[in-house]
Amino acid sequence: MSILKTKLHAPDFELEVLSCVHDSSFNITKRHIHEDYYEIVLVKAGTASHTCGNQRSKIGTGDVFIMHPGQKHHYTDARNLTIFNIIFSEKFLTSILVPGPWTETVKSDLFRHGPLLLIRPSAEVLHSMVMLLEEMQLEQKRRLPDSKFHLMANLIKLLSMLKHALAETTGKDERPNIPEFRILRLVDVLNRNYAEEWPLRRMADYCGLSVNGFRRAFALAMGHSPGEWFLNLRLEKATEMLTASSRPISEIASECGFHDSNYFTRQFRRRFQITPLRFRKEPYEIWPFTKPLLK
């Protein structure tokens, strides 16, 4: 077992937000201890087996857990495990929390000793947490005079979000990390990143599933194959842009992920029985193809 003494980029400021990806070729399989720091781990994507002391659990997209100083842990069987690590000392935590009832509940709820605390926020809250952590990473790089203030404020905001998410997680019997739940989280990401290339393998890796398992889970949750669904998502986004602006159709096609405007027109007409130009002149309310079957 190795003891990791955390080396921060700013030794006088005991907080840092890191991110990394683990897969089958790069696992932290040896038990290790962060001797002097708390560590909040948020799983942005993928899956792995996580062992903390004698407690072993399967973790996946959206899971959040908190490691205490001195706790032993390691990961195995990682599949595109993409995580954020938020590390900070107990002294730093005490310095940013104003004494009072809220602080006491945060400490008792989130930082109590005992079995590993596993929090599973909703897809919407998870998205907000990821955006917050990405903002904190940018703030670290900027190193402006007020960067430390923003980082401290955002850590408090993160703790507040985790406290509320824990309250929603506690007492639930169902495990929201089932494949269908991971699909709905992927759908949320696709709705915001539809112009990017999303081959089947990338979608499956995001959900921590095999390609075949992903196909089945996606069809169950959404009622269509991943490729068909994603194509129609892009077409639906295009209808919104056509009615909201007068930009060239080729530009809208490109912004929706279609690099060939002729292909875009063919697919648009196949779906809506009308050309993009005609739709812009005579818009009508479309029947959404991309609504999930599961809630």
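**Notes on a predicted model**

1. Let's start with the cysteines: there are 0 disulfides in the structure. Keep in mind as you read that this is a predicted model. Cys20 is partly exposed, at a relative accessible area of 27%. Cys52, with 8%, is buried; the cut-off for that label is under 20%.

2. Now the overall picture. Of its 295 residues, 47% are buried. Look at contacts with a separation of 6 or more, too: 75% of them are between residues 24 or more positions apart.

3. Find strand E6, residues 64–67, and check its two sides. Which residues cover each face? Val64 and Ile66 sit on one side, Phe65 and Met67 on the other, and all of them are buried.

4. Next, who are the partners of E6? Strand E4, residues 38–52, pairs with E6 in the antiparallel sense, over 4 bridges. Strand E8, residues 118–119, also runs antiparallel to E6, and 2 bridges join them.

5. Over to the helices. H6 covers residues 200–207 and H7 covers residues 211–222. At what angle do they pack? It is about 80°, and their axes are 9 Å apart. Angles of 65 to 115 degrees count as roughly perpendicular, so that is the word for how H6 and H7 lie to each other.

6. If you want to see what touches what in that pair, zoom in on the side of H6 that meets H7. From H6 come Leu200, Arg201, Met203, Ala204 and Cys207, and they meet Val211, Phe214 and Arg215 in H7.

7. Last, helix H8, residues 226–244. How far does H8 reach from its first C-alpha to its last? With 19 residues, H8 reaches 27 Å, close to the 27 Å expected at 1.5 Å a residue. Is H8 enclosed or open? Of its 19 residues, 14 are buried, so H8 is largely enclosed by the rest of the structure.

Definitions and conventions
Residues numbered from 1 in each chain as written. Predicted model: local features only at pLDDT ≥ 70, side-chain atom pairs only at ≥ 80, totals over all residues. Heavy atoms only, no water. Expected span 1.5 Å × (residues − 1). Buried < 20%, exposed > 50% of the residue type's maximum accessible area, 1.4 Å probe, protein only. Disulfide = S-S within 2.5 Å. Pairing = 2+ DSSP bridges. Axes fitted to C-alpha atoms, helices over the stretch in contact; angles between N-to-C directions. Parallel < 35°, antiparallel > 145°, perpendicular 65-115°, else oblique. Contact = heavy atoms within 4.5 Å.
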